[in-house]
Amino acid sequence: MVENQEVKKLLEQWITERQIAGAVVRIDKAGESLCDAWYGYADIGKGILMDRKSIFRLASMTKPVIAIAAMLLEEEGKLDIDAPIETYLPEFAALKAADKVIGFEGFYQADPDNPGMPKMNTGLIENIRETDLKRSVTVRDILSHSSGMGQGPVSMQRLNSEWKPEQSLQERVSIISKTLLDFQPGDHTGYSASTAYDVLGRMIEVVSGMNLDAFVKERICKPLKLRDTGFVMNEEQEIRIVRLYEAADGKLIDVSDSEEFWKLINPMAYGYYSGSAGMLGTVEDYSKIARMFLQNGTVDGQPFLHADTVSRMRQEASVKHLEMQRGIVWGMGMEVIEDPGLAGKRAGKGTFGWSGAYGTHFYVDVENKLTVVLGVNRSNIGGADSELSRLLEEVVYREFICSDA
């Protein structure tokens with residue numbers, strides 16, 4: 001274990017206050033491990049402590065992995081990221097978008113703080129008018145969260161009512177293909193938490209001729225030597241999956257078997273491979289993904305992704321400029337801090353990464369040659385808005401970057 005006392009203090013405080021059960025953290029700079037540590041419990045009930053081999057529900061940190069899968073296929077000429085998605089999934093040829101919701105002053109309102117992100121009116125969604133698309137949804141739109149799929153109340157109302165745990169990926173994607181987009185493709189951004197990347201996952205299956213689990217294992221996990229990452233765990237690995245807790249009134253409640261979203265996407269229950277949020281893995285494994293990005297696509301001196309591919313993944317990917325927050329844009333599967341000052345971040349310009357709903361978090365700061373990966377097992381921590389992730393970033397830059405000046 002390689003510890004940093006300020007990182008330890010932060011994580012142990014959150015554990016003591018019963019805001020999290022435990023955490024694993026890995027921080028590397030220019031190839032040197034600055035922190036490789038674990039604290040608290042993987043399973044409070046059984047008294048199992050966290051360790052380097054604890055396996056987390058990656059949730060939305062699945063998306064960067066699926067983006068990698070898409071880019072591998074693009075490099076081989078099998079997938080064109082600027083092609084209409086109906087090129088690969090014909091059922092999407094008849095997509096339409098929501099035009100107006102009766103009873104509201106307007107479905108989308110301008111948000112002065114985030115001009116590229118529509119601010120949606122809330123309330124009961126009914127009497128929806130539909131309109132033809134101005135253009136097709138492209139693979140790029142999915143990668144950059146500008147597709148309109150699962151990005152607002154119109155689509156999510158239907159999807160939430162029709163999705164069932166026992167459905168296959170193909171069945172659920174068929175439902176998505178018959179659902180109105182929340183806005184015209186490429187016109188807005190936001191976040192498609194559970195929808196668009198499932199469509200991308202299905203696209204990868206069709207193009208590659210492999211199910212998503214097999215493709216990820218063969219084309220990503222094997223070359224990157226990710227021994228404990230994937231959609232399906234073996235018996236020995238399953239024992240190492242951390243329990244999932246909800247924090248409420250100073251207590252941690254085990255919701256591993258009852259948390260609704262995980263029940264809907266749990267790949268080991270029904271074999272549903274959610275490209276949006278279904279993967280599991282260790283912090284140690286994910287740090288290898290982060291290191292690959294930092295090294296411009298190389299692993300142990302061997303090429304994995306082209307340097308140009310990595311460069312494009314960590315630049316703004318949408319067709320027109322769309323900020324998801326002030327100073328922050330979407331690359332391919334990850335947020336990119338385009339203007340740290342506007343974003344209120346201490347990270348270097350161009351830092352990129354993403355988070356998961358259950359507390360997992362990672363980012364790569366190329367300017368400072370820094371990679372950070374955090375694993376946490378709490379269901380209601382806030383995902384990308386997690387206070388713990390923000391506080392950890394502050395500690396990291398105070399301890400390892402500002403001190404170098």
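**Cavities inside a predicted model**

The largest cavity holds about 70 Å³ of space. The structure is a predicted model, and by the rule applied here it has two cavities of 30 Å³ or more.

Which residues line the largest cavity? The lining consists of Glu335, Ile337, Lys345, Ala347, Thr351, Phe352, Gly353, Trp354, His361, Phe362, Tyr363 and Glu393. Three strands, β16 (335-337), β17 (352-355) and β18 (361-365), each supply at least two residues of this lining. By class, six of the lining residues are nonpolar, three are polar and three are charged.

The second largest cavity contains about 30 Å³ of space. Around this second cavity lie Met149, Gly150, Ser155, Leu159, Ile176, Thr179, Leu180, Leu181 and Thr195. Its lining divides into five nonpolar and four polar residues, with no charged residue, whereas the lining of the largest cavity includes three charged residues.

The protein chain has 14 helices and 19 strands. Its radius of gyration is 20 Å, close to the 22 Å that the globule rule gives for 405 residues, so the chain is as compact as a globular protein of that length. Along the principal axes, the C-alpha trace spans about 55 × 45 × 45 Å.

Of the 405 residues, 57% count as buried. Among contacts in the chain with a separation of 6 or more, 69% are between residues 24 or more positions apart.

Definitions and conventions
Residues are numbered from 1 along each chain as its sequence is written. This is a predicted model: local features need pLDDT of at least 70, side-chain atom pairs count only at pLDDT 80 or more; totals for chains, interfaces and linings use all residues. Side-chain values use heavy atoms; hydrogens and water are left out. On a 1 Å grid over the protein atoms alone, a cavity is a set of points where a 1.4 Å probe fits but cannot get out, and a pocket is an open set with protein on both sides within 12 Å along at least five of seven lines; lining residues have an atom within 4 Å of a point. Grid points are joined across faces, edges and corners, and a volume is the space filled by probe spheres set on the points. Helices (H or I, at least four residues) and strands (E, at least two) are DSSP runs, numbered from the N terminus. Ala, Val, Leu, Ile, Met, Phe, Trp, Tyr, Cys and Pro count as nonpolar, Asp, Glu, Lys and Arg as charged, and the others, Gly among them, as polar. The radius of gyration is taken over C-alpha atoms; the globule rule is 2.2 Å times the number of residues to the power 0.38. Buried means under 20% relative accessible area, exposed over 50%, partly exposed in between (1.4 Å probe, protein chains only). Contact means heavy atoms within 4.5 Å.
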